[in-house]
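Student: Hi! Could you walk me through this one?
Tutor: Happy to, let's look at it together.

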Amino acid sequence: AESPRFPLNTFFEPEPPDLMPGVCVQNLVKIFAGRTKPAVDGMNVTFYEGQITAFLGHNGAGKTTTMSILTGLFPPTSGTVLVGGKDIQIHMDSIRQSLGMCPQYNILFNHLTVAEHILFYAQLKERSREEAVLEMEMMLEDIGLPHKRNEEAQNLSGGMQRKLSVAIAFVGEAKVVVLDEPTSGVDPYSRRSIWDLLLKYRSGRTIILSTHHMDEADILGDRVAIISQGKLFCSGSPVFLKNSFGSGFYLTVVRKMKNTQGGGEWGSVSLGKSASTRAKPLRKLTQQ
């Protein structure tokens, strides 16, 4: 609802006219059996080709449910989703040929090697054996695991397993890639490797990324969509959301510095608004 402090038009940035819609969520509603409150409540949002859209919200906001409907795991109660102009309720089989998914938890085969995982999923997308091998070699280099090609998945570290799960989502020239918290529980090095992979493969794809990390949404997200209680709360570029909702502060840091004579002197550093509030607006919104 519109408020005196935030007029309605400050919640949603105008849709970009020069971009191709990759996924269109239209009046989506999902009510699970035995529950009266909808998990997704009349959601309308568009994800664009060639962009990474950060999908934010607190636990239980409806992010995973929306993604599960988009990938065909759950049927919608009402409304629909168009993927590449095709309705998921009619053309789900053909949509899956160009759809990639990385779920919140790794789903890997313990006794398949890293290379075998990529080959298996590439051929599942109807790639020829030769095409799958070429894609496997390229993917191993991109995720930094060529030395682990013959290692079984059960012997990989948690970060390596997560990188493999993300890579699987992109095989077979997937045009729409849905990533549900792809960097959760990984070390900073693996997290940065996943970021680099997403930025490299962004062109020509529609990437939907759910995350709880505000710096991740700020750095990777061309657009940010924030949902709460199954409804879209606001959407736009990180710069738009900061300009609309940001309220910064100044931070002065003072420390005592020793000199060679054994005495002491004081030094201070003052950080202005722009330096100290990089991710604050997005964090404030997701806590509402």
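Student: How much of the protein chain is buried?
Tutor: Of its 288 residues, 45% count as buried, meaning under 20% relative accessible area, with exposed being over 50% and partly exposed in between (1.4 Å probe, protein chains only). Keep in mind that this is a predicted model, where local features need pLDDT of at least 70, side-chain atom pairs count only at pLDDT 80 or more, and totals for chains, interfaces and linings use all residues. Residues are numbered from 1 along each chain as its sequence is written, and side-chain values use heavy atoms, with hydrogens and water left out.

Student: And what secondary structure is there?
Tutor: The protein chain has 10 helices and 12 strands; these are DSSP runs numbered from the N terminus, helices being H or I with at least four residues and strands E with at least two.

Student: Which residues have the most contacts inside the largest nonpolar core?
Tutor: Phe 170, Leu 179 and Leu 198, in a core of 35 residues. A nonpolar core here is a set of buried Ala, Val, Leu, Ile, Met, Phe, Trp, Tyr and Cys residues joined through side-chain atoms within 4.5 Å.

Student: Which element gives the largest share of this core?
Tutor: That's α5, with seven residues. Others supplying at least two residues each include α6 (188-201) and β8 (206-210).

Student: What does Leu 198 touch?
Tutor: Leaving aside neighbours within four places in sequence, Leu 198 is in contact (heavy atoms within 4.5 Å) with Ile 52, Val 166, Phe 170, Leu 179, Ile 207, Leu 209 and Leu 220. Apart from this core lies another, of 24 residues, among them Val 40, Met 43, Phe 47 and Leu 70.

Student: Switching to sheets: what is the strand order in the open sheet of four?
Tutor: The order is β2-β1-β4-β5, with antiparallel pairing; two strands pair if DSSP finds at least two bridges between them. At the edges, β2 (40-48) and β5 (86-87) each pair on one side only.

Student: How many bridges join β1 and β4?
Tutor: Five, between β1 (residues 21-30) and β4 (residues 78-83). Val 23, for instance, has Val 83 in β4 as its bridge partner.

Student: Which helix lies across β1, β2 and β4?
Tutor: Helix α1 (residues 63-70), running at about 115° to β1. That angle, on a scale from 0 to 180 degrees, is between N-to-C directions of axes fitted to C-alpha atoms, for helices over the stretch in contact.

Student: Last one: why does Pro 21 count as partly exposed?
Tutor: Because its relative accessibility is 38%. Pro 21 lies in strand β1 and touches Thr 46, Phe 47 and Tyr 48, not counting residues up to four places away in sequence.
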